[in-house]
Amino acid sequence: AELLGAVEFPSMVEVSADDLSARYGFGSDKVSSFSAYVCGSGAMPDEFGVFEAADETSAAEIKTALESRIENQKELYTDYTPAEMYKFDGYLLRQDGTTVAYAICADNTAAEDILG
């Protein structure tokens, strides 16, 4: 909620537990709790999330899945909306124990200050 209030995001929608596997490549069995948002229209690459993993092994798997997602998103938006590619500069992806956080947005420094 703090990040949504601090950085301008385009039409964000919350990711549900049912969407984790299709969107990120890991299921709800890997997390004990999470909060994640993506651009609802899909027109912009903005998205972020914080995942509390069931254990450190799951956290490492979540981080790897997010690395893959970010690379896939970069490939997608390179041609789709090249003017938005700056949002990938300095994106946040961090694992601290069982917590994994990531953010791709217009102000990745603010995202890191809040989520990092």
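Colleague: How many bridges join strand β2 to β3, and do they run parallel or antiparallel?
Modeller: Seven bridges join strand β2, residues 31–39, to β3, and the two strands run antiparallel. Please note that this is a predicted model.

Colleague: Which residue stands opposite F51 of β3?
Modeller: That residue is F34.

Colleague: What about β3 and β5: how many bridges are there?
Modeller: Six bridges connect β3 with strand β5, which covers residues 99–104, and this pairing is antiparallel as well. For E52, the bridge partner in β5 is T99.

Colleague: What is the strand order in the open sheet?
Modeller: The open sheet has five strands in the order β1-β2-β3-β5-β4, with antiparallel pairing.

Colleague: Which strands are at the edges?
Modeller: The edge strands are β1, residues 12–14, and β4, residues 92–96, each of which pairs on one side only.

Colleague: And by how many degrees are neighbouring strands turned against each other?
Modeller: On average the angle between neighbouring strands of this sheet is 10 degrees, with direction ignored.

Colleague: Back to β3. Why is it described as largely enclosed?
Modeller: Strand β3 spans residues 47–53, and five of its seven residues are buried, so the rest of the structure largely encloses it.

Colleague: Which strands does helix α4 lie across?
Modeller: Helix α4, formed by residues 108–115, lies across β3, β4 and β5. Relative to β5, the helix runs at about 160 degrees.

Colleague: Changing topic: how many aromatic pairs does the structure hold?
Modeller: It holds nine aromatic pairs. One of them is formed by Y24 and F26, whose ring centres are 5.7 Å apart. The planes of these two rings meet at 20 degrees, so the pair counts as stacked.

Colleague: Are Y24 and F26 buried or exposed?
Modeller: Y24 counts as buried because its relative accessibility is 4%. F26 is also buried, with a relative accessible area of 5%. The cut-off for buried is under 20%.

Colleague: And what is the geometry of the F34 and F51 pair?
Modeller: F34 and F51 form a stacked aromatic pair, with 5.9 Å from centre to centre and 10 degrees between the planes. F34 belongs to strand β2 and F51 to strand β3, so this pair ties together parts that are 17 residues apart in sequence.

Colleague: How accessible are F34 and F51?
Modeller: F34 is partly exposed, at 23% relative accessibility. F51, by contrast, is buried, with a relative accessible area of 0%.

Colleague: Which residues do the ring pairs link into a cluster?
Modeller: The cluster consists of Y24, F26, F34, F51 and Y102, linked by ring pairs.

Colleague: One last topic: how many disulfides does a search of the whole structure find?
Modeller: The search finds zero disulfides. C39 is in none, and the nearest cysteine sulfur to it, that of C105, is 12 Å away. A disulfide would require the two sulfur atoms to lie within 2.5 Å.

Colleague: What about C105 itself?
Modeller: C105 is in no disulfide either, and its nearest cysteine sulfur is that of C39.

Colleague: Are these two cysteines buried or exposed?
Modeller: C39 is buried, with a relative accessible area of 7%. C105 is buried too, and its relative accessible area is 1%.

How values were computed: Residues numbered from 1 in each chain as written. Predicted model: local features only at pLDDT ≥ 70, side-chain atom pairs only at ≥ 80, totals over all residues. Heavy atoms only, no water. Buried < 20%, exposed > 50% of the residue type's maximum accessible area, 1.4 Å probe, protein only. Helix = DSSP H or I, 4+ residues; strand = E, 2+ residues; numbered from the N terminus. Pairing = 2+ DSSP bridges. Axes fitted to C-alpha atoms, helices over the stretch in contact; angles between N-to-C directions. Contact = heavy atoms within 4.5 Å. Phe/Tyr/Trp six-rings, centres within 6.5 Å; stacked < 30°, edge-to-face > 60°.
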